[in-house]
Amino acid sequence: MRDFSNDHRWLSLNTATVRKQGDLIDIIDACARHGIRAIDPWRDQVAHVGLDRAVRAVKDAGLDLSGYCRGGMFTADGAHRSEVRDDNRRAVDEAAALGAACIVLVVGGLPQYSRPGSAVSKDIAAARNQVHDGIAEMLDYAKQAKLPLAIEPLHPAYAADRACVNTTRQALDICDALDPGRSCAIGVALDVYHIWWDPELTGQIVRAGKDRLLAFHVCDWLVPTKDILNDRGMMGDGVIDIKSVRAMVEAQGFAGYSEIEIFSNDWWGRPLDEVLRTCIERHRTVV
Ligand code: ZN
């Protein structure tokens with residue numbers, strides 16, 4: 001397992017962590033100040049400053065992109081199918097322009113939440129079938145751009161509104177069905193917030209192996225959690241044994257960035273430099 005205690009060269013910042021403190025250019029400038037050499041930006045943050053300007057800023061700063069957030073939301077009614085396809089193709093094009101290592105997929109829950117305006121459905125099995133088909137379609141396009149797709153299983157609390165792929169096993173089942181030859185075109189983004197509780201986690205990380213482990217996200221699970229979406233904890237402030245999960249993925253050969261992704265009303269209220277200083281300190285001590 002890599003030693004993170006002396007530096008933060010393997011720290012990547014998911015830019016949603018400080019989305020309330022500045023725009024993407026402000027965040028990139030702050031990363032330069034703090035010696036952070038990788039980010040994972042969100043599409044809305046890129047759109048806000050403009051794709052060309054974002055591409056230039058990333059290149060000028062010499063930043064790596066550990067991922068691009070996000071593609072997905074594959075579940076929709078018939079009237080919104082083409083929106084799903086076109087939107088995800090644009091995500092691939094943007095990620096390619098930015099030089100991202102992969103596109104993180106949040107696959108969608110029930111159609112009315114994933115693609116607002118879709119007809120109401122309670123059929124989660126149908127939603128999961130749509131996810132399978134939607135990823136298959138996107139994969140063809142992403143392969144041409146040589147952009148790997150990283151399915152992020154989300155905690156079951158998000159099954160209705162964000163993602164009906166809720167375990168690492170489910171995500172890997174899709175990978176194996178669509179890519180039996182393990183071509184590295186598709187894999188998983190494992191976020192400790194979503195997977196730490198899973199009794200099957202150890203076995204599924206072994207099953208994933210290096211080929212399928214495309215991204216690793218960290219934060220912490222606070223007790224109590226006051227808001228299921230926007231009360232993620234800073235690493236070390238909650239109950240997740242982050243080091244043991246990192247040890248498991250690294251035992252499989254994962255050697256990429258440890259990406260900090262904290263959606264938190266608390267941390268969004270603090271100065272940008274304080275948040276980044278704390279991220280770096282915790283990365284060295286508890287990640
Ligand atoms: Zn994540």
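Me: Which side chain does glutamate 83 meet in a salt bridge?
Reply: In this predicted model, glutamate 83 pairs with arginine 115, at 3.3 Å from N to O. A salt bridge here is a side-chain nitrogen of Lys or Arg within 4 Å of a carboxyl oxygen of Asp or Glu.

Me: Where do glutamate 83 and arginine 115 lie?
Reply: Glutamate 83 is in helix α4 (residues 81–98) and arginine 115 is in the loop between α5 (111–114) and α6 (124–144), so the pair ties together parts that are 32 residues apart in sequence. Helices (H or I, at least four residues) and strands (E, at least two) are DSSP runs, numbered from the N terminus.

Me: Is arginine 115 buried or exposed?
Reply: Arginine 115 is buried, at 7% relative accessibility, whereas glutamate 83 is partly exposed, at 36%. Buried means under 20% relative accessible area, exposed over 50%, and partly exposed in between (1.4 Å probe, protein chains only).

Me: Which residues are linked with Glu83 in a network of salt bridges?
Reply: The network links Glu83 with Arg43, Asp87, Arg90, Glu94 and Arg115.

Me: And how many salt bridges does the structure hold?
Reply: It holds 23 salt bridges. Among them is the one between arginine 169 and glutamate 200, at 2.8 Å from N to O. Arginine 169 lies in helix α7 (residues 168–178) and glutamate 200 in the loop between α8 (192–195) and α9 (201–212), so this pair joins parts that are 31 residues apart in sequence.

Me: Changing topic: which residues coordinate the zinc ion?
Reply: The zinc ion is coordinated by Glu152 (OE), Asp191 (OD), His217 (ND1) and Glu261 (OE), at 1.9 to 2.2 Å. Donors are N, O and S atoms within 2.8 Å of the metal (3.2 Å for Na, K and Ca); water is not among the atoms, so sites may look incomplete.

Me: How are the donor residues spaced in sequence?
Reply: Their spacing is E-x38-D-x25-H-x43-E. Histidine 217 lies in strand β8 (residues 213–218) and glutamate 261 in the loop between β9 (258–260) and α11 (265–268), so the pair ties together parts that are 44 residues apart in sequence.

Me: Are histidine 217 and glutamate 261 buried or exposed?
Reply: Histidine 217 is buried, at 0% relative accessibility, and glutamate 261 is buried, at 2%.

Me: What do the numbering and the values rest on?
Reply: Residues are numbered from 1 along each chain as its sequence is written, and side-chain values use heavy atoms, with hydrogens and water left out. Local features need pLDDT of at least 70, side-chain atom pairs count only at pLDDT 80 or more, and totals for chains, interfaces and linings use all residues.
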